[in-house]
Amino acid sequence: MTILASRRHLLGVVLMLAMVGCGPVLTPSPVSPGAPTRIAAVTSAPSLAPARVTATTEVTVPPTEEAAPTATAKPSPEPIPQDTPAIAPRDEEMIRPTAVFEVEDDQALALVNGTLIDGTGADPLPNAAVVIQGGRIVAVGQESEVGIPGPARVIDVQGATMLPGFINAHVHQGFDGQKLAAWAQGGVTTVRDLGAYPTEDLFDRRDAFLKDNQYARLVAAGPLMTVPDGYPINPWGVKALTVTSPEDAASKTGQLLDAGADVIKIALDSGAIFNTDIPVLTAEEAAAIVEVAHRRGRLVSAHVTTTQDLKRALDAGVDDMAHMVTDFLPAHRIQGMLEGDVYWVPTLELWRRVGYFERRAVSNLGRFVEAGGQVALGTDYAGYNAVFDLGMPITEIELMQKAGMTPMQIIVAGTKNAAAVCNLDHELGTLEAGKIADVLIVDGDPLADIHALMQVRMVIHNGVVIRDEGGKD
Ligand SMILES: [Zn+2]
């Protein structure tokens, strides 16, 4: 670590440590010509000694949990070149991003006597019903107009509010059954993991979690893509999936998708927030990654922290920004977001936990929303070594409200829009006929007080009731 010369630099160091949590590690394994390649574990734990820095505020930043090898990581005995791809191709059928598991007896389930907030942004509908069968919504609307099948199990929700299951579109440590279960119990039935410590079986583990309805649905990027000595390799020695040319970028993107990635996450942090320079993907490399992902029907999320990173991401044509920028967001960049139809995943809870930049991020978000920008809910759970909300991300939601978002805008951000950045808006995010039946039922009116989202009465995931706090039949 370099000598801290200024408070500005101190903030940079703190943030850099914070961001290490967003920097998953891909270490390619040695590849024999012609042999199948695999994602391999890293050679060693990233060297993140606890950093104790003193200045106007004393801040102690231990290494992030995410940066540490998981129990299943298998350290490789020898150094590995960073630019060697190491990803096993998979059968196309294994790449499907969702799993729907049918109710055992396939009996229809009818939720009646509820107020419907369907996630589209439409006005709430009182006296509504939702009919579910085979894991999907088969009918939804005014109870008097919705046909309820004779043999259906009918649940009177007693005036409670029925919403789509929520989605946290920026988490880490998602490959964890306890955490996935806690999210699901809190009504967050899908999470998007934007950076995980790669192991050979990473996407197989994702697929195993998808088979159990107790777990929130896991959408996963796997490792970040960056350049040699780029973020998060610089300055911590944390390895990532590195590319050295546009051709290499295209090829490795294809390999990562073949391995099972649901979404591609690229690092475009040029170090401005750290008051330093970090090598970053060239415009051609970033564009090549986006081109391959889009050609294969996948989306790209970009790690950005300043407006100069934002410009690179917009130029590359990415689909969402993984953090709100922390410097002043100029109007022409807001315009660029709107013109590109790009979502923002603000991660205001990250800036709250880091202790800096919250005010700027909140005001930037307010101006973005005021201009008509599209927001998706995401917190960067575990992207910093602090306690984040597990389950319903109420801190993020409160900060979104502070930025001027209405309860309805926040609900849309946490459902329809978050489904969109997961590339699952055709399946999830709204309560509409044909969609997967992920339903959150809460007591009270979240439009009057958004905290009603915490008063969980029932959670239905893939059509199965996984939590029931009193919806007596
Ligand atoms: Zn992150």
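Mentor: Let us begin with Asn127, which lies in strand S6, residues 125-133, in what is a predicted model. The phi of Asn127 is positive, about 50°, although the residue is not a glycine. Is Asn127 buried, exposed or in between? There are 14 other C-beta atoms within 10 Å of its own, and Asn127 is therefore partly exposed, since a buried residue needs 20 or more and an exposed one has 12 or fewer.

Thr347 may be set beside it. This residue, too, is not a glycine and has a positive phi, near 50°. Thr347, however, sits in the loop between strand S18 (343-344) and helix H9 (348-354). With 30 other C-beta atoms within 10 Å, Thr347 is buried.

Next comes the core. The largest nonpolar core holds 135 residues, and those touching the most other members are Val130, Met162, Ile264, Ile266, Ile289 and Ala376. Its largest share, six residues, is supplied by helix H6, residues 283-295. Residues of this core come from both domain 1 (7-90 + 165-421) and domain 2 (109-164 + 432-468), so the core lies between the two. In general, nonpolar side chains of soluble globular proteins tend to be buried together. Ala376 gives an example of such packing: apart from neighbours within four places in sequence, its contacts are Ala169, Asp320, Tyr343, Val345, Ala413, Asn417, Ala418, Ala420 and Val421.

Helix H10, residues 358-370, has 13 residues, which should span 18 Å at 1.5 Å a residue; its end C-alpha atoms are 18 Å apart, in agreement. Which residues of H10 are buried? They are Ala361, Val362, Asn364, Leu365, Phe368 and Val369. These residues cover an arc of only 165° around the axis, which puts them on the same side of H10. An α-helix has 3.6 residues a turn, so residues three or four places apart point the same way. Arg359 and Glu370 are exposed, on the face of H10 turned away from its buried side. Among the elements against which the buried residues of H10 pack are S18, H9, helix H8 (331-339) and helix H12 (407-414). Just after H10, Gly372 has a positive phi of about 100°.

Helix H2, residues 177-185, has four named buried positions: Lys179, Leu180, Trp183 and Ala184. Viewed down the axis of H2, these fall within an arc of 135°, so they line one face of the helix. Their packing partners include strand S10 (166-171), strand S11 (188-193) and helix H3 (202-209), and also strands S21 (456-461) and S22 (464-468). After H2 comes Gly187, with a positive phi near 90°.

Helix H5, residues 246-259, has 14 residues and reaches 20 Å between its end C-alpha atoms, close to the 20 Å expected. Its buried residues are Ala249, Lys252, Thr253, Gln255, Leu256, Leu257 and Ala259. Gly260 follows H5 and has a positive phi, near 130°.

For the whole protein, the secondary structure comprises 13 helices and 22 strands, and 54% of the 473 residues are buried. Of the contacts with a separation of 6 or more, 71% join residues 24 or more positions apart.

A caution on confidence is in order. The average pLDDT is 82, and 76% of the residues score at least 70. Over residues 1-97, however, the pLDDT is below 50, although this stretch has 198 contacts in the model beyond near neighbours in sequence. Where pLDDT is low, the predicted coordinates should not be read in detail.

Key: Residues numbered from 1 in each chain as written. Predicted model: local features only at pLDDT ≥ 70, side-chain atom pairs only at ≥ 80, totals over all residues. Helix = DSSP H or I, 4+ residues; strand = E, 2+ residues; numbered from the N terminus. Arc of directions from axis to C-beta. Contact = placed C-beta atoms within 7 Å. Core = buried A, V, L, I, M, F, W, Y, C linked by C-beta atoms within 7 Å. Domains from an automatic or database assignment. pLDDT = per-residue confidence, 0-100. Expected span 1.5 Å × (residues − 1).
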